[in-house]
Amino acid sequence: MGVQRKNGKLSVGHASHKIRIVGGQWKRTPLAVADVDGLRPTSDRVRETLFNWLTHMRGMRFPDMRCLDLFAGTGALGFEAASRGMAHVTMVEENRVAYGQLQRVRDKLEASQVTVFQADALDMVGQLVRQGKTFDLIFLDPPFREAWLPKVVPLCARLLAEDGLVYIESDMRLTAEKLALWHEPDVSALQLVREGQAGQVYYHLFEMQASGVS
């Protein structure tokens, strides 16, 4: 996920650890968690569940899929997607320390299909919309309690391919009806297809329905 803020400022913590890529060509490769307070990487178990869903639904299409990891943080989701063979992964991370770590991992893995940007998530997604970019899969794991989702989900819905998927982590359960309350036609086209819970984290997979695309 992207880096948490405290009182509007980024805070650097003191403890660091490692997680691992759970599948694909870089299976078991450790990913260092940057020493940044509030960095909350998606757990191995949740990622394994998510990619089981994705493999079942889109596995044969991975080599053609383009992915956006908007709050990249440790890169756990984005590097997992690249490891599983997705064609291209765009990572966005605002924090300088976390961004530097993402670059180092990409270079170490020689992951030429991964592009990393240091940018504000809202600014970046707006830019991608204006450029007419589309993605087959978008990961949204923003800092909790900062009201990111109502701002970025409507924009991300405009970036999805016709049957694109968006994965969302949140501190509350989300439904298609809740998303529709944001009064955006593109959001109304998102339908919940899978969901789960791990501790205080709720995770969801939404699909863009073709009938909702103009």
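Phe-139 stands opposite Tyr-167 of strand β9. This is a predicted model, in which local features need pLDDT of at least 70 and side-chain atom pairs count only at pLDDT 80 or more, while totals for chains, interfaces and linings use all residues. Residues are numbered from 1 along each chain as its sequence is written, and side-chain values use heavy atoms, leaving out hydrogens and water.

Strands β8 (residues 135-140) and β9 (residues 160-170) pair in the parallel sense over 5 bridges; pairing requires at least two DSSP bridges between two strands. Strands (E, at least two residues) and helices (H or I, at least four) are DSSP runs, numbered from the N terminus. Helix α5 (residues 149-159) packs on the sheet and touches β5, β8, β9, β10 and β11 (201-208), contact meaning heavy atoms within 4.5 Å. The direction of α5 makes about 160° with that of β9; angles run from 0 to 180 degrees between N-to-C directions, with axes fitted to C-alpha atoms, for helices over the stretch in contact.

The open sheet has 7 strands in the order β7-β6-β5-β8-β9-β11-β10, with mixed pairing. Because β7 (114-117) and β10 (190-198) stand at the edges, each with a single partner strand, one side of each is left without a neighbour in the sheet.

Arg-47 belongs to helix α1 (residues 44-58). Arg-47 is buried, with a relative accessible area of 0%; buried means under 20% (1.4 Å probe, protein chains only). The side chain of Arg-47 reaches the backbone oxygen of Arg-20 at 2.9 Å.

Technical notes:
Buried < 20%, exposed > 50% of the residue type's maximum accessible area, 1.4 Å probe, protein only. Polar contact = N/O pair within 3.5 Å; in protein donor to acceptor, adjacent residues only side chain to side chain.
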